[in-house]
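Have a look first, and then we'll start.

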Amino acid sequence: MDVRPADSISSSSLAPALPGIGLRAQHIKEVLARRPDVAWFEVHAENYMHDSAGLAALEQVRAQYPLSLHGVALSLGSAGPLDRRHLDRLKSLADRLDPFLVSEHLAWSAHDGAHFNDLLPLPWTEEALETMSSHVNEVQDVLGRRILVENPSGYLRFRHSTMDEAFFLAELVRRTGCGLLCDVNNIYVSAQNIETDPIEYLALLPAAAVGEIHLAGHAVKIVGNRTVLIDNHASRVSDGVWALYREALTRFGRRPTLIEWDADLPDLDTLMSEAAKAGDVARGI
Amino acid sequence: MPTLHDLQSDFRRFLLGEAPEHLLRLVNGAGLEPAARLSIYRNNMLVTLTAALKATFPVVCRLVDDRFFDYAAHAFIQHSLPAGPCLSEYGDGFPDFLARFPPAASLEYLPDVARLEWAVSRVLRGPCPESSIPLESLASAQGDPARIRLSMVATSAYIASSHPLDRIWQLNQPGVASVEIVLEPTAVYLEIRGADRLQIIDLPAAVWTFRSRIADGATLGTAAAEALAIAPDFDLAAALAALFEANLVVGFL
């Protein structure tokens with residue numbers, strides 16, 4: 001990578017098609033001190049919803065790098081209404097940080113006032129599609145911008161689903177105009193866990209809507225007599241996911257790609273080496 | 001076919017330890033028991049929420065070890081799910097839970113250590129910077145000075161304990177070698193200040209009472225009376241000046 005951080009970057013800048021890194025609080029001081037050669041960073045929105053010293057430090061990072069805001073708790077797939085207070089906080093944060101991307105998940109994580117802080121599965125039904133569409137529209141109206149919706153890592157499929165997950169996402173794009181965050185690790189994990197075809201999944205996604213790609217590590221567990229892959233963001237990207245990433249780039253073209261690593265966090269250089277590898281893969285397409 | 005709301009209600013029950021038949025029948029096992037598939041989500045939730053509690057209560061975790069902490073955290077989670085979407089705001093009930101948690105009964109100091117860690121977490125989430133007002137502002141306040149209520153910075157908190165919490169906290173920070181020491185019961189009256197730099201200060205009991213009562217919304221008159229009841233030589237003028245000099249007052253209530 002030979003991109004240098006600009007002195008000031010606005011959201012109107014073209015989204016960098018080079019790899020970025022998920023930024024955790026433990027690395028912010030180092031980033032500010034070193035100004036490492038990283039194209040962009042992404043943070044979890046919920047970690048910065050207080051007007052605290054942590055947010056002030058993030059604003060310093062933002063002054064030097066493009067930033068993507070990744071929401072993990074809006075619970076777009078909840079049957080009930082969206083949490084408007086939370087959405088308003090997201091709006092305030094987005095206004096303050098001027099991110100070049102804002103994303104959320106095809107999942108639910110709250111129900112009747114209780115929050116589970118996990119990305120829980122939806123049935124692929126018309127009712128769920130209407131719910132998601134309504135909530136995505138509401139978010140986009142409040143934020144005044146398009147959001148990206150990320151495909152989930154799956155561990156089950158509901159019997160009463162009437163469509164495939166990828167078709168569900170494509171229809172969500174058609175109904176709301178949202179973009180997609182294609183998490184290649186999630187596709188890989190789901191393919192192993194619920195026996196879907198990852199290449200077919202990629203083929204069903206509307207390529208033009210894909211605005212970002214996520215790459216992450218997963219854990220391999222034995223449950224019963226089966227191998228189950230757990231999307232835990234705690235290790236390097238696996239060989240199988242790198243191969244699927246090549247397929248994704250072949251289909252979608254180069255897209256802003258993020259290295260996600262949230263647990264058992266390594267040093268910044270390890271994250272940068274994973275990002276550099278993603279850059280090498282992209283250049284080889 | 002269940003409504004989305006009904007499915008999510010059943011899923012919630014599963015996450016909290018039940019096994020609703022309706023939900024199990026909806027899951028395509030495909031080589032794995034439906035309950036085993038659903039349990040992956042329950043486990044993921046427990047891992048995430050336990051990690052969030054460990055991030056907020058690292059000293060408690062170090063004092064009891066990871067396995068005991070996980071055990072206590074899982075019991076707490078079943079009893080008290082997050083009420084909001086931000087993980088850093090999760091755990092306000094954990095200190096009281098520990099106080100009622102029979103396996104932790106022999107560790108009398110543990111709930112107070114947890115209270116200190118919750119206070120630390122809260123002040124570090126507070127707004128930064130806050131604009132404090134000078135002592136001279138009092139002169140412009142209308143009415144009886146004894147009835148004035150002050151607004152304190154959100155980045156301060158007050159914890160009193162009969163255990164030396166500040167020492168326990170300091171000895172269990174990252175990088176501090178594990179040592180086994182006997183700490184005599186010692187009453188502490190702690191002021192925790194956050195913003196850009198964390199400070200834990202052991203105050204004289206009367207000063208702590210004065211400041212903590214003001215922080216609770218008491219009038220200056222009430223706070224001073226309670227401080228004087230503890231220490232008849234309590235110097236109100238000096239305490240008031242020190243309060244403002246510490247940049248702890250942001251306005252009037």
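Q: Where in chain B is confidence lowest, and where is it highest?
A: Confidence is lowest in helix H8 (residues 137-140) of chain B, with a mean of 85, and highest in helix H6 (residues 94-99) of chain B, at 98. The score here is pLDDT, the predictor's confidence in each residue, from 0 to 100. Chain B averages 93, and 99% of its residues score at least 70. The model as a whole gets ipTM 0.92 and pTM 0.90.

Q: What kind of model is this, and what are the ground rules?
A: This is a predicted model, where local features need pLDDT of at least 70, side-chain atom pairs count only at pLDDT 80 or more, and totals for chains, interfaces and linings use all residues. Residues are numbered from 1 along each chain as its sequence is written, chains are lettered from A and ligands numbered from 1 in the order in which they are written, and side-chain values use heavy atoms, with hydrogens and water left out.

Q: How many helices and strands does chain A have, and what makes chain A count as compact?
A: Chain A has nine helices and 13 strands (DSSP runs numbered from the N terminus: helices are H or I with at least four residues, strands are E with at least two). Its radius of gyration is 18 Å, close to the 19 Å that the globule rule gives for 285 residues, so chain A is as compact as a globular protein of that length. That radius is taken over C-alpha atoms, and the rule is 2.2 Å times the number of residues to the power 0.38. The C-alpha atoms of chain A fill a box of roughly 50 × 40 × 35 Å along the principal axes.

Q: How does chain B do against the globule rule?
A: A compact globule of 253 residues would come out near 18 Å, but chain B has 23 Å. Its C-alpha box is roughly 75 × 45 × 30 Å along the principal axes. Chain B is built with twelve helices and six strands.

Q: Why is A:Ser109 called buried?
A: Buried means under 20% relative accessible area, exposed means over 50%, and partly exposed is in between (1.4 Å probe, protein chains only). A:Ser109 has 4%, so it is buried. You'll find A:Ser109 in strand E5 (residues 108-111) of chain A. Among the residues it touches, leaving out those up to four places away in sequence, are A:Val72, A:His115 and A:Leu120; a contact means heavy atoms within 4.5 Å.

Q: Is A:Pro152 buried or exposed?
A: A:Pro152 is at 14% relative accessibility, so it counts as buried. A:Pro152 sits in the loop between strand E7 (148-150) and strand E8 (157-158) of chain A.

Q: Why is A:Asp98 called partly exposed?
A: Its relative accessible area is 28%, so A:Asp98 gets the label partly exposed. A:Asp98 also has a positive phi of about 50° although it is not a glycine. Its place is the loop between helix H3 (84-97) and strand E4 (101-105) of chain A.

Q: Why is helix H10 of chain B described as largely enclosed?
A: Eight of the eleven residues of helix H10 (residues 205-215) of chain B are buried, so the rest of the structure largely encloses it. The buried residues include B:Trp208, B:Phe210 and B:Arg211. The packing partners of H10(B)'s buried residues include strand E3 (156-161) and helix H12 (236-245) of chain B. Just after H10(B), B:Gly217 takes a positive phi of about 105°.

Q: How many residues are buried across each chain, as a percentage?
A: In chain A, 61% of the 285 residues count as buried. In chain B, 48% of the 253 residues do.
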